[in-house]
Amino acid sequence: MIPFLLRRVGAGLVLITVVTAITFFLTYGANIPVARNILGPAASQEQIDILNGQLGLNRPILEQYFAWIAGVLQGDLGRSYYTSEPVVHALASRLPVTLSVVLLSAAITLTVSIWLGVVGAARGGVVDAILQGISTITFVFPAIILAIAMVYVFAISLKLVPAVGYTSFDHSPGQWFASVILPAIILSIGGIAALAAQIRGSLVDELSKDYVRTLRSRGVSERSILLKHALRNASGPGFTTFSLQFISLFGASLFIEKIFALPGYGTYGFNATMQFDLPAMLGVTLFGVGLVVVMNLVIDIASGWLNPKVRMS
Amino acid sequence: MTTPSIGQTTDVGAANAPKRIGAFRRIISTPLGLFSVIILLSIVMLGILEPVLRGHDPNTAELSAINAPPGTPGYFLGADQNGRDIWSRVLASINVSVISALIGSGVAVAIGSIFGLISGYIGKRLDGVLAWLFSLLMTFPAMILIMVLQPITGGTYQTMMALFGIFISPGIFWLVRNLVIGVKNELYVDAAKVSGLSNRRILSRHVLYVVRGPIIISAAFMATAAIGIQAGLAFLGFGSGQDANFGTMTGDAFLNIYRAPLQLLWPSLFLALMNAALVLLGNAYRDALAGPQAVAPRQKKKQSAAKLEVTKPLEAHPQSAEVSASARAELLSVRNLRVSYPNLDGTRKEVVKGTSLFIRPGEIVGLVGESGSGKSQTAFSILGLLPKQAEVSADVMNLAGDSLLQQDGKLLRRMRGSVISYIPQEPMSNLDPSFTIGSQLVEGLRASMSKKEAKETALALLARVGITDPERTFKSYPHQISGGMAQRVLIAGAVAPRPKLLIADEPTTALDVTVQAEILDLLRDLQGELGMGVLLVTHNFGVVADLCDRVLVMRDGEIVEGGHVRTIFRNPSHPYTQELISSILDEATVRTDPELVGVKEHK
């Protein structure tokens with residue numbers, strides 16, 4: 001288990017390094033007129049040069065990159081060009097918002113998919129039809145249309161939840177839930193269809209395996225065979241699918257945040273991008289990839305815990 | 001010699017993927033396929049004819065037309081809150097969506113299939129490197145990068161879609177790579193190689209032929225994703241907000257939702273139509289490629305194998321005399337057992353054709369026959385463990401005084417845990433890999449005893465079946481023990497409830513020769529100790545001679561000969577039996593039975 005996890009941590013670090021390096025060189029290397037954007041069209045060339053010097057943008061790009069890396073290693077991601085707020089602080093304060101939506105959505109996706117997959121494998125018929133229906137709907141209606149429709153129905157017409165805004169958990173757990181449940185459900189819909197189909201397929205495969213017949217021959221109940229034995233063995237492919245889904249789920253959350261005006265990474269990153277606030281953009285990238293890597297590590301551990309072959313290798 | 005071999009190989013390829021014209025014709029011959037093709041073509045045509053069909057410039061605001069309702073002269077679908085012609089904006093948006101779909105899926109297909117072909121065909125180290133790169137790419141958080149790299153892409157939807165195409169290309173890469181590896185190993189590519197074709201020719205002629213279909217299907221689904229992502233990005237304000245596209249249209253309409261909710265309908269309607277047509281087309285193409293079996297009539301749900309039908313008694317059967325003669329002393333008696341499976345065309349294939357047999361308490365009966373003779377089917381129908389599609393019927397099927405016919409699953413399950421038990425053929429695949437040996441043994445025992453007792457019993461059983469360190473094996477997982485040990489564990493599991501009847505399905509076939517003898521000895525000892533009746537299914541007359549009191553010879557679903565082992569050995573009357581006996585000496589390699597008929601169809 002330990003070597004396996006070390007390998008996964010290594011792969012995660014490679015991913016973080018590659019993605020942030022690509023982002024760094026593409027954005028810092030694009031000759032964006034940062035100082036001009038900040039100071040406005042009236043600024044003189046001299047003022048611009050001074051600001052560029054202060055921001056360190058006149059140095060060679062490799063030097064800037066290593067300075068950024070050195071900062072990262074000390075927990076310093078620089079300051080926003082516009083607000084001077086340290087990027088680390090800004091991201092840390094937005095972390096609960098993004099985590100709320102993403103983790104709630106991941107929990108919904110897992111719970112509903114497992115349930116649908118199990119019932120589908122055991123019963124077939126109706127659940128298969130429902131899964132087909134959901135998956136067709138998610139392909140036919142782009143996420144924004146679904147999001148708008150759900151906002152219209154649940155927030156505007158029925159007024160069950162607020163249409164926009166975020167309430168922190170400390171402030172009021174009930175309102176917190178109301179403010180994140182709709183975005184989380186919208187994020188989950190696409191993943192559920194695919195994951196449930198995957199779990200159902202793996203379960204059907206497992207149920208036709210020899211060991212299931214042997215368990216049956218010993219009088220073990222169908223319930224235990226399905227929920228204890230088959231589900232556990234089917235969890236491997238399910239986790240693989242889920243860990244890939246989590247990446248797109250996280251990506252989509254950035255956009256859902258914008259629709260619901262939730263002050264998380266999505267909104268922060270969106271504003272930073274619009275203003276060419278390079279340190280903030282890099283910070284969002286780093287934290288975003290980091291979150292994906294951590295989540296996938298959690299999934300790996302869960303999957304290894306369920307699979308003795310992985311755990312003991 | 002080159003020409004005929006190409007002709008041949010192409011035919012083999014065609015067996016996997018029907019010919020191009022055939023597939024397309026089959027798509028448009030189904031109502032849904034035809035419908036989706038028509039919708040898609042009409043929408044694309046609307047986009048192409050935009051300059052002719054549009055009334056006003058899609059981006060020109062007309063103050064007098066603000067929120068004009070549909071049907072206003074000059075404004076077919078009305079105008080939005082800025083007084084822009086909605087119909088013109090829909091037409092312009094169609095073009096944006098079509099181009100997005102083409103760029104997004106085109107880039108993904110180009111990158112994915114080129115590298116997939118290279119990786120799969122050349123293989124070796126290059127494959128390792130490419131596979132690693134693409135799995136890295138797959139874990140890229142695409143949306144963050146599309147967002148953050150906007151200053152670089154300039155925010156035009158074309159570059160964003162190209163970027164999106166790169167991020168989704170791993171899907172195509174894996175698809176193509178795995179298909180190519182599959183195809184590469186098939187005989188016909190070898191044939192093409194031998195006949196002197198260059199690599200490039202093999203790739204283009206044969207490999208592309210097979211991978212084309214799945215690529216087209218994925219591309220259709222990727223196109224819907226690209227259309228959705230483009231609209232989503234524009235909705236959020238990425239790219240130039242002035243251009244008419246479904247994203248900005250939806251965004252504008254969303255802001256205007258209280259005053260003119262109808263404006264939200266038009267972009268949603270066209271988006272949904274376009275995507276629905278693509279999805280249906282992808283599905284229709286998949287069905288067309290899968291060929292006729294995909295559209296074969298669905299089998300009606302058959303009653304589960306656990307429930308048996310009573311059929312009308314048949315006329316006297318070759319074995320029925322033997323059966324009735326000893327009816328009283330029988331532990332198991334089966335008369336006129338029939339097992340059948342559905343064929344794809346709706347008919348049924350009978351694999352056991354009216355078999356009758358009996359087993360007395362404490363007797364070991366061998367059921368001999370080659371693969372496909374129906375001997376395993378017979379054994380599993382007694383256990384009630386045939387796949388769901390199997391239809392089982394019999395006149396009589398009694399075990400220890402209880403009828404196994406017409407029982408509900410519950411009683412059968414209880415009997416399986418106590419009166420009757422089973423030793424499988426392949427030891428490793430018959431243990432659940434995720435649980436310890438101990439927990440699997442205990443689970444079977446828990447019905448009749450406490451947890452502590454069950455554990456003690458399991459440990460004692462493990463010791464009894466000849467496992468030297470029961471404690472350690474108890475805590476081990478299946479992958480940590482050898483095949484011979486696994487078979488001992490399975491025997492322990494089978495004899496645990498002290499069954500009256502033990503069904504052993506080729507219990508030694510998958511084992512090493514030295515282990516085989518030990519397992520047979522163990523079975524003989526346990527049988528003597530517990531006084532079980534045993535039905536030993538095997539293809540090996542040597543095993544029969546070693547262990548059995550009586551033997552039944554099965555062929556093509558029927559029992560052709562039966563009697564005491566010595567009698568049969570001395571004087572086999574049926575030519576098939578003679579053949580089997582004479583093959584004892586020839587048998588050099590260990591054979592295994594294929595999977596149960598029907599298991600594959602079940603998937």
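Leaving aside neighbours within four places in sequence, which residues is Phe276(A) in contact with? Select Phe276(A) and look around: the partners are Ile32(A), Val34(A), Asn37(A), Tyr81(A) and Met281(A), plus Pro151(B) from the other chain letter. Keep in mind as you go that this is a predicted model.

**Stop 1: around Phe276(A)**

Phe276(A) sits in the loop between helix H11 (265–275) and helix H12 (278–306) of chain A. Its relative accessible area is 24%, so Phe276(A) counts as partly exposed. Along the sequence, Asn37(A) and Phe276(A) are 239 residues apart, yet their C-alpha atoms are 8.2 Å apart in space.

**Stop 2: chain A as a whole**

Zoom out and colour chain A by secondary structure. You'll find 13 helices and zero strands. The C-alpha atoms fill a box of roughly 85 × 55 × 35 Å along the principal axes. Of the 313 residues in chain A, 50% count as buried. Take the contacts in chain A with a separation of 6 or more: residues 24 or more positions apart account for 73% of them.

Chain A exposes about 13800 Å², and carbon and sulfur atoms supply 66% of that.

**Stop 3: a cluster of rings**

Next, select Phe24(A), Phe25(A), Tyr28(A), Tyr65(A), Phe66(A) and Trp68(A), and show their side chains. Ring pairs link these residues into a cluster. Over all chains, a search of the whole structure finds 18 aromatic pairs. Start with Phe24(A) and Phe25(A): their ring centres are 5.7 Å apart and their planes meet at 75°, which makes the pair edge-to-face because that angle is over 60 degrees. Then turn to Phe24(A) and Tyr28(A), where the centres are 4.1 Å apart and the planes are at 10°, so this pair is stacked.

How far apart are Phe24(A) and Tyr28(A) along their helix? They are four residues apart in helix H1 (residues 2–28) of chain A, which puts about one helical turn between them.

Phe25(A), with 31%, is partly exposed.

**Stop 4: a serine inside H5**

Jump to Ser113(A), which belongs to helix H5 (residues 87–123) of chain A. Ser113(A) is buried, at 0% relative accessibility. To see what surrounds it, show Ile108(A), Ile192(A), Leu195(A), Ala196(A) and Ile199(A); these are the contacts of Ser113(A) once neighbours within four places in sequence are set aside.

**Stop 5**

Now select residues 210–217 of chain A, which form helix H9. Six of the eight residues there are buried, so H9 is largely enclosed by the rest of the structure. Those buried residues are Tyr211(A), Val212(A), Arg213(A), Thr214(A), Leu215(A) and Ser217(A). After H9(A) comes Gly219(A), with a positive phi near 80°.

Move on to chain B and pick residues 437–445, helix H17, where eight of the nine residues are buried. Among the buried ones are Ile437(B), Leu441(B), Val442(B) and Leu445(B). What covers them? The cover includes helix H10 (222–259) of chain A, together with helices H18 (451–464), H19 (470–475) and H20 (483–495) of chain B.

**Stop 6: Ser434(B) and its surroundings**

Step back to Ser434(B), in the loop between strand S8 (420–423) and H17 of chain B. Ser434(B) is buried, with 4% relative accessible area. Not counting residues up to four places away in sequence, Ser434(B) touches Arg232(A), Asn233(A), Leu306(A), Pro308(A) and Tyr477(B).

**Last stop: charges over rings**

Arg232(A) lies over the face of Phe435(B), 4.7 Å from the ring centre. Finish within chain B, with Arg550(B) over the face of Phe358(B), at 4.1 Å from the ring centre.

Terms used:
Residues numbered from 1 in each chain as written. Chains lettered and ligands numbered in written order. Predicted model: local features only at pLDDT ≥ 70, side-chain atom pairs only at ≥ 80, totals over all residues. Heavy atoms only, no water. Phe/Tyr/Trp six-rings, centres within 6.5 Å; stacked < 30°, edge-to-face > 60°. Buried < 20%, exposed > 50% of the residue type's maximum accessible area, 1.4 Å probe, protein only. Helix = DSSP H or I, 4+ residues; strand = E, 2+ residues; numbered from the N terminus. Lys NZ or Arg CZ within 6 Å of the ring centre and 35° of its normal. Contact = heavy atoms within 4.5 Å. Areas by Shrake-Rupley, 256 points an atom, 1.4 Å probe, with all protein chains shown as cover.
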